[in-house]
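This report looks at how a protein holds its ligands. Have the sequence and the structure open while you read.

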Amino acid sequence: MIQLTATPASTLTDEPVHIRATGLCPSQIVIFQATLEDEKGNLFHSQAYYKASEVGEVDLDHAPSLGGDYIGVHPMGLFWSLKPEKFLTKLMKRDVMTSPFLVQIKLYDSNLPLAQIAATDPKVSVTLERWYRAPGVTRIQVQEGHLRGALFLPPGEGRFPGVIDLFADIGGLIEYRASLLASHGFAALALAYCDYEDLPLHPEKIELEYFEEAVNFLLRHPKVLGPGIGIVSISKGAEIGLSMAIHLKQVIATVLINGPNFVFSTPQVYRGQISQPLSFSPQLVSINALGLAQFQYCFEEARSKASETFFLPIEKAQGHFLFIVGEDDKSINSKAYAEQATEQLRRNGKDNWTLLSYPGAGHMLEPPYSPLCCASKLSKLHLFMQWGGEVTLHAAAQEHSWKEIQKFLKKHLIPVVTSQL
Ligand SMILES: C[C@H](CCC(=O)SCCNC(=O)CCNC(=O)[C@H](O)C(C)(C)COP(=O)(O)OP(=O)(O)OC[C@H]1O[C@@H](n2cnc3c(N)ncnc32)[C@H](O)[C@@H]1OP(=O)(O)O)[C@H]1CC[C@H]2[C@@H]3[C@H](O)C[C@@H]4C[C@H](O)CC[C@]4(C)[C@H]3C[C@H](O)[C@]12C
Ligand SMILES: NCS(=O)(=O)O
């Protein structure tokens, strides 16, 4: 009898699963398929062909996929190669507290045409729960002063290292990274800054005082370990994260994922001083054969002419930086920006940074095993965006960088206790 196991059956979404089928015929070729339905009913699928061993077993920890959505030994390939049925839909978890994503793993005979899979019962299947928060993590809605966001706290007494989590200026409150950080021991504040509750849809300026308020809020919290906090930020969020690290001495560890070293859209203001964005050249936006826009070179003209004052004075920051770069980022030229920022640090005699640069990774670097989103529709901007990334390399970058992010934050936010004896 064919048996399919996937363990653990319920786990955090950034943790691996061991999938194994037994009771197959020796050398039988089978199809494994994964299916996930998001909270809006959008379906995502992936599939891969495997050959059973001489004893009729396929163990995804050791067996290579022969074809399908990925090739080679990738125990988690079925997860990170999930693709939307509805083209250009990005998988995103909204309700991180009360429900997991359910992933169904199914096994089919290989003689079945892929087109018929949807209408055919699998030989055997199992369903997995993929959670975005560990048991005991709590969520507190933040609506204090000007702040709008959600604070995630790990279970237990604390205190916990504090982190502010910032996404791009597309708006809303995005919680899945903060809830996962809390699941790994951080007090993590997912902070909205536009298009959420009473925050403006398109702010005319980004006021750093708002983010300073967030830093102070976090440090005042009885469960947050001081004296400094960390930041995890991506894209426009990383532009803000960089400015916070420069201006706010309480920010001592800053993770910048695919971000710029200059103000790239809405102007920034701090204590009356305005930092204007670099002008962008619409003629340098390229549209590919599928109609997807690539913006990564649209600041190159301005960048080549800009005086030093246009680049954020990263050397003034007291804390540490972890730059994470997807070298195949098609949305912003993040490799060039990180190299310029680290060169600026080097010129100023600083060594307070680490650069992790990943060939084949795109803009949308997410926690491990998240499906690659290489292109998606930006409804609010009426844009079809190419984000870049090659599926296998991008997945490897996600797995590696997530561990490095946590190591970096712990190293700088948790004081080393030296023995008094
Ligand atoms: C903004 C660009 C950068 C964007 C990023 O960097 S994203 C990377 C970081 N990640 C994030 O910030 C969080 C992840 N967010 C997302 O992934 C978003 O959801 C996104 C961005 C993929 C999709 O956005 P959008 O389509 O707008 O999302 P929604 O409207 O919320 O929903 C979409 C559909 O999904 C449905 N839905 C809702 N809830 C659920 C659910 N629970 N489950 C499933 N589905 C759900 C919803 O109903 C919708 O369905 P639909 O049927 O479609 O209605 C910047 C990168 C480059 C910049 C430009 C560049 O710099 C050049 C110019 C510079 C100038 O200075 C400014 C203008 C620029 C053009 C500049 C503009 C920007 O800054 C970008 C583009
Ligand atoms: N590193 C494990 S996998 O993502 O390749 O399956």
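The model is predicted.

**Ligand 1**

Around ligand 1 there are 32 residues. The closest are Asp38, Arg94, Ser235, His363 and Lys377. By class, the shell splits into 16 nonpolar, seven polar and nine charged residues. Which strand gives the largest share of this shell? Strand S24, residues 375–378, does, with three residues.

Oxygen atoms of ligand 1 make polar contacts with the protein. The side chain of lysine 86 places an N or O atom 3.2 Å from one. A polar side-chain atom of aspartate 169 sits at 3.3 Å. Phenylalanine 264 takes part through a backbone N or O atom, at 3.0 Å. On its own, ligand 1 exposes 1400 Å², and the protein buries 80% of that.

**Ligand 2**

The shell of ligand 2 consists of His74, Pro75, Met76, Gly77, Trp80 and Glu399. Three of these residues are nonpolar, two are polar and one is charged.

Histidine 74 and tryptophan 80 use side-chain atoms to reach ligand 2 oxygen. Methionine 76 uses a polar backbone atom instead.

| Residue | Protein atom | Ligand | Distance |
|---|---|---|---|
| Lysine 86 | side chain | ligand 1 | 3.2 Å |
| Aspartate 169 | side chain | ligand 1 | 3.3 Å |
| Phenylalanine 264 | backbone | ligand 1 | 3.0 Å |
| Histidine 74 | side chain | ligand 2 | 2.8 Å |
| Methionine 76 | backbone | ligand 2 | 2.6 Å |
| Tryptophan 80 | side chain | ligand 2 | 2.8 Å |

Note on methods
Residues numbered from 1 in each chain as written. Chains lettered and ligands numbered in written order. Predicted model: local features only at pLDDT ≥ 70, side-chain atom pairs only at ≥ 80, totals over all residues. Heavy atoms only, no water. Near = heavy atom within 4 Å. Polar contact = N/O pair within 3.5 Å; in protein donor to acceptor, adjacent residues only side chain to side chain. Nonpolar A, V, L, I, M, F, W, Y, C, P; charged D, E, K, R; others polar. Areas by Shrake-Rupley, 256 points an atom, 1.4 Å probe, with all protein chains shown as cover. Helix = DSSP H or I, 4+ residues; strand = E, 2+ residues; numbered from the N terminus.
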